[in-house]
Amino acid sequence: MGIRMAVLASGRGSNLLAIMDSIAAGKIDGEIAVVLSDKAEAKALEHAKNAGIPAYHVNPKAYEQKADYEAELLKLIKEADCQLICLAGYMRILSPYFIGNAPCPVMNIHPALLPSFPGLHGQRQALEYGVKVAGCTVHFVDEGMDSGAIILQKTVPVMDDDTEDTLSARILVQEHQAYSEAIQLFAQGRLEVCGRMVKVKGE
Ligand code: GRF
C-alpha cells in the first residue's frame, strides 16, 4: 500500500514526474494522492491530470488572508488523507500557520548544498560564489527559509565553463534521484529526527 502524498508545485514539475516514475518503478512504496498548485498554468498540474491524479489550482489571490489560502490547501491535503507533503518547486513560503497545522511532515528539495545558498536561484548563487562542488538538499520544512533538518544531499562538480543552465541541469539529475530516495526512506519509516540530525535507520 505505502504512504499517500500531497505534492505542491508551481511550475515545470520535473521533480513531480521523477516521483511518479519512481512510484511506477516500485522504488517508492506510496502514491500521490493529490497535486496542488498556486499557478493555473503550472505544467505540474498537467502532468498530474495526464496520470489521473487529482490536481487542483488554488489561487492565492482569491483569498484575503494568506492563512485562508493555506487553510484551503490543508483542507485538500486532509481530505486526501496524506502522510507526507512534498514541495517540488513550490515557489511560496509556507507560513508558521501552515507548518503548525499540517497533518503530517513536509519535505522540500533545494538546488544547493544547504545551509549555503538558501532562497531563490541556489545554483546561480553557487556559481557566482565560485564553489567547486554544488548539489542539492532534501530537507524537512520548518518555519524558516530552507532551514529544516537535512535528510540527504547529493553533490556534483562545478566546471570552469559552467553557466547557470549547465550547472542547473547537472544538479537536476541528482535532485530527481535524491527526492525519490528521501521519500522512500520516509515511507519505510527509516527517518529518525534528533534535533537537527536526521538519522537513517538500518544504515
Ligand atoms: C528545482 O530545482 C527544485 O530544487 C526547486 O525548484 C525547482 C523545481 O523544478 N525547489 P521542477 O518544477 O521540479 O522541474
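Colleague: How do you know where domain 1 and domain 2 run in the protein chain?

Modeller: The assignment gives domain 1 as 1-104 and domain 2 as 110-139 + 151-203; such bounds come from an automatic or database domain assignment. Their centres, taken over C-alpha atoms, are 20 Å apart. The contact (heavy atoms within 4.5 Å) takes 17 residues from domain 1 and eleven residues from domain 2. Mind you, this is a predicted model, where local features need pLDDT of at least 70 and side-chain atom pairs count only at pLDDT 80 or more, while totals for chains, interfaces and linings use all residues. Numbering starts from 1 along each chain as its sequence is written, and side-chain values use heavy atoms, with hydrogens and water left out.

Colleague: Why is M91 called exposed?

Modeller: Its relative accessibility is 56%, so M91 counts as exposed. M91 sits in the loop between β4 (84-87) and α4 (96-101). Leaving aside neighbours within four places in sequence, M91 is in contact with S10 and L120.

Colleague: Which residues lie nearest the centre of the largest pocket?

Modeller: G89, Y90, M91, I109 and P111, out of 36 lining residues. On a 1 Å grid over the protein atoms alone, a pocket is an open set of points with protein on both sides within 12 Å along at least five of seven lines, and lining residues have an atom within 4 Å of a point. About 950 Å³ of space lies in the largest pocket. α6 gives the most to the lining, with five residues.

Colleague: What span is expected for helix α6, and what does α6 reach?

Modeller: Helices are DSSP runs of H or I, at least four residues, numbered from the N terminus. The expected span is 1.5 Å times one less than the number of residues. With 24 residues (164-187), α6 reaches 33 Å from its first C-alpha to its last, close to the expected 34 Å. Just after α6, G189 takes a positive phi of about 70 degrees.

Conventions. Helices (H or I, at least four residues) and strands (E, at least two) are DSSP runs, numbered from the N terminus. Buried means under 20% relative accessible area, exposed over 50%, partly exposed in between (1.4 Å probe, protein chains only). On a 1 Å grid over the protein atoms alone, a cavity is a set of points where a 1.4 Å probe fits but cannot get out, and a pocket is an open set with protein on both sides within 12 Å along at least five of seven lines; lining residues have an atom within 4 Å of a point. Grid points are joined across faces, edges and corners, and a volume is the space filled by probe spheres set on the points.
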